[in-house]
Structures are given as C-alpha cells and as structure tokens.
Amino acid sequence: DYMNVARCFGILHRRSQAFVVDACQKLHLTYSEYVMLLRIYGQEGCSQEDMAAQLHVDKAVVTRVIKLLEEKDFIYREKDSTDRRIKRIYLTELGRSQEGFLKDVVNRWGRYLSSGMKPEVVTVLLEGFQDLAERSGTADFNNI
C-alpha cells in the first residue's frame, strides 16, 4: 500500500541523512553540502543553474550551499569565459582529495542496507529507484 511506501521512504531518507552527517563529521559537512559535492564530482565546471536543475532544487538553495562549500574550501567559482553572468563550479585541492572518502560513504550505506538481500532483488530496487526518480522529475503536480 502506498501509505506504507511513503512511510518507508521517509524513514529511509531521514536515516540516510543521519548516516551521511555522522560519517562526514570530521569534514564538518551538512547533508546538503555532501549531496552537492557528489554532484560536482561528476559535473565539475557546471553552472549553478545546471546544479539546481539536476538536483531539482531552487537556485537560492544551490547558491547558499555553494557559498558554504566555498567557505570550507571544497570548491571555488569562476565566471564563464563567454557569458560573465554564469558562474562555473570547480573543486579545490581539498575537495578533490576527499572524493574517494565521500563516495565511499554512500557505498558503505548502500552495502549495509542491502546486506542479506538477494543480488537480483538489489538490482531490481536500484533500477526501480532510478525509474522513480526520473519519473518524479517530470511530474506536473497540478495534474496528478
């Protein structure tokens, strides 16, 4: 039933956030900063607008988190060479040096959650979550 699924999504989301924050204590990263860094690892040089679109969050949220990551010396911004209104996001040496650790955080959590599950069930879940995320990104909330 969908009410139970919604409850499970909520629990999984809150527990995942708690795990990430605990694992990233030594770097003083919030969950939002962690998520943003993971996206930057795969999209270095992207614009703040691109980041907002990829994460399905408001541009103001991205700006605030990017500013905090700059203050913590994980990233820096540069104006685009052709369009000075666009700011591109790049990793600092510190940000780049933490990539392995930060990616391992989510991998450890995933391994923990899926331990004891049949591999084919894990595959279906991973593919299903990808499909759900993509579908949610195209939702017109006014017509559901």
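Student: What should I know before we start?

Tutor: The model is predicted, so local features need pLDDT of at least 70 and side-chain atom pairs count only at pLDDT 80 or more, while totals for chains, interfaces and linings use all residues. Residues are numbered from 1 along each chain as its sequence is written, and side-chain values use heavy atoms, with hydrogens and water left out.

Student: Why is the pairing of R77 and E70 called a salt bridge?

Tutor: The term asks for a side-chain nitrogen of Lys or Arg within 4 Å of a carboxyl oxygen of Asp or Glu. For R77 and E70 the N to O distance is 2.7 Å, so the pair meets that cut-off. The structure holds eight salt bridges.

Student: What makes R77 and E70 partly exposed?

Tutor: Buried means under 20% relative accessible area, exposed means over 50%, and partly exposed lies in between (1.4 Å probe, protein chains only). R77 has 22% and E70 has 28%, so both are partly exposed.

Student: How do you know that K103 and E99 are about one helical turn apart?

Tutor: They are four residues apart in helix α6 (residues 99-114), which means a separation of about one helical turn. A helix here is a DSSP run of H or I with at least four residues, and a strand is a run of E with at least two, numbered from the N terminus. K103 and E99 form a salt bridge, with their closest N and O atoms 2.7 Å apart. K103 is partly exposed at 35%, and E99 is partly exposed at 24%. Elsewhere, salt bridges that share partners join D104, R108 and R111 into one network.

Student: Why is D80 called buried?

Tutor: Its relative accessible area is 11%, which is under the cut-off of 20%, so D80 counts as buried. D80 is found in the loop between β1 (75-79) and β2 (87-91).

Student: What makes a space in the model a pocket?

Tutor: On a 1 Å grid over the protein atoms alone, a pocket is an open set of points with protein on both sides within 12 Å along at least five of seven lines, and lining residues have an atom within 4 Å of a point. The largest pocket has a volume of about 2,200 Å³, taken as the space filled by probe spheres set on the points, which are joined across faces, edges and corners. Of its 39 lining residues, the closest to the centre are L12, H13, Y31, F129 and A133. The largest share of this lining, eleven residues, comes from α7.

Student: Which classes of residue line the largest pocket?

Tutor: Its lining has 25 nonpolar, eleven polar and three charged residues. Ala, Val, Leu, Ile, Met, Phe, Trp, Tyr, Cys and Pro count as nonpolar, Asp, Glu, Lys and Arg as charged, and the others, Gly among them, as polar.

Key. 1 Å grid on protein atoms, 1.4 Å probe; cavity = no way out; pocket = protein on both sides within 12 Å on 5 of 7 lines; lining within 4 Å.
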